[in-house]
Amino acid sequence: MPSRSRRMRMRARAGGAAEVPSRPKASELLDVKSLASNPIVVRISRLLSGIATNNSGNIDLSNLSLKLNDVATEAVAYFLHSSTDAVRLSLARREVGGAGAMALARALKHNQTLRELHMPDNRIGDRGAIGIADMLRGHRSLKAVDLARNQLSSVGVNKILRALAPNASLQFVTLSGNKERTSVRTVPFSAPSVGGGLAFVVP
């Protein structure tokens, strides 16, 4: 016998109504409880909180001499998950990678104060782009996102571009220097929810 949630979805389709959305998969959620038990993650998170407080919400980690390893990236994600102080985050050239970008995207689903996310030169690939695109669809505070030179193919670029339509807050998305090539350099993006105010930069 079908489960209750399955029966509800079957009735919704039969009646012509929208299908009941399924719950997020465990793999799509940030494991906050596990991260909170890691003293290194907590310590780095507190450090980031202090940086945000002392710099009007601006956190620039692009000039660090060290790359962000898995633990450091998880700490940034843990911080973003509950932060109400961060306004601008720069992670340029930190080698975040696809898994790191996914963790940051999961965290940002719960953060509605960050306005700028700068992540050029991080090798996030299509895997990371897919996670960020999923986050962008429902985000309401981000105004600018920089994903330049991140080894995105047409798959990753298109995932990001499709996520722009339902987002009413984004004004600038930078995708220059990725694998996907186009002759257009700056394109105004107009949709009813955006009002023509969004532009994205591509190669």
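Helices α5 and α6 are roughly parallel to each other, because their axes cross at roughly 10 degrees, where angles under 35 degrees count as roughly parallel. The axes, lines fitted to C-alpha atoms over the stretch in contact, with angles from 0 to 180 degrees between N-to-C directions, come within 7 Å. Helices here are DSSP runs of H or I, at least four residues, and strands runs of E, at least two, numbered from the N terminus.

This is a predicted model, in which local features need pLDDT of at least 70 and side-chain atom pairs pLDDT 80 or more, whereas totals for chains, interfaces and linings use all residues. Residues are numbered from 1 along each chain as its sequence is written, and side-chain values use heavy atoms, without hydrogens and water.

Which residues of α5 meet α6? They are Gly98, Ala99, Ala101, Met102, Ala105 and Leu108, and their partners in α6 are Arg127, Gly128, Gly131, Ile132 and Met135; contact means heavy atoms within 4.5 Å.

I turn to confidence. The chain averages a pLDDT, the predictor's confidence in each residue from 0 to 100, of 78, and 73% of the residues score at least 70.

Conventions: Angles under 35 degrees count as roughly parallel, over 145 as roughly antiparallel, 65 to 115 as roughly perpendicular and the rest as oblique.
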